[in-house]
Amino acid sequence: MSTFDDKKNPHAAPMGASTEDMKNIILTVYKTSQTYKNLMNNKMGVINITSNPFLFYYTLFKDLNKDGEIPKEWYHHAFSVESPYMLNAEASIEIRVFKINEMNEKTKMYCRIEKILFNER
């Protein structure tokens, strides 16, 4: 999942997604995460689909990257939402949050699919 923070810096983190109706995406996000803060502020993001273990690893263990961040050149601005997508992902799903269901330490975010991209290699 990739989002912009309030200063338009890209942020990525591994995250699962599900669906109940094959039309909308449901994200379950920890309230203490940067992804939660970014989605609450912007209500937009990109789900990056990858089978690349290195891409997953570098989004999970950011402190192992130079400057503790994923290089900005790994991102490109999304087409239909104000968020970045990861260039090395096989596919990207651009989403917009339309409903928020607060729980204890997590929040369920219901998202509308705005665009699906398949990245050619």
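## The second largest pocket

The lining of the second largest pocket is made up of 11 nonpolar residues, four polar ones and no charged ones. Here Ala, Val, Leu, Ile, Met, Phe, Trp, Tyr, Cys and Pro count as nonpolar, Asp, Glu, Lys and Arg as charged, and the others, Gly among them, as polar. This is a predicted model, in which local features need pLDDT of at least 70 and side-chain atom pairs count only at pLDDT 80 or more, while totals for chains, interfaces and linings use all residues. Residues are numbered from 1 along each chain as its sequence is written, and side-chain values use heavy atoms, with hydrogens and water left out.

The volume of this second largest pocket is about 200 Å³. Its lining has 15 residues, and those closest to the centre are Met1, Ala13, Pro14, Met15 and Asn48. A pocket is an open set of points on a 1 Å grid over the protein atoms alone, where a 1.4 Å probe fits and protein lies on both sides within 12 Å along at least five of seven lines; lining residues have an atom within 4 Å of a point. Grid points are joined across faces, edges and corners, and the volume is the space filled by probe spheres set on them. Strand E5 (44-49) and helix H2 (53-60) each give at least two residues to this lining. Helices (H or I, at least four residues) and strands (E, at least two) are DSSP runs, numbered from the N terminus.

## The largest pocket

The largest pocket holds about 250 Å³ of space. Of its 14 lining residues, Asn9, Pro10, Glu69, Ile70 and Lys72 are the closest to the centre. This lining has four nonpolar, three polar and seven charged residues.

Just after H1, Lys43 has a positive phi of about 60°.

Asn38 has a relative accessible area of 2%. Its side chain forms a polar contact (N or O atoms within 3.5 Å, one able to donate a hydrogen and the other to accept it; residues adjacent in sequence count only if both atoms are side-chain atoms) of 2.8 Å with the side chain of Thr3.

Notes: Buried means under 20% relative accessible area, exposed over 50%, partly exposed in between (1.4 Å probe, protein chains only).
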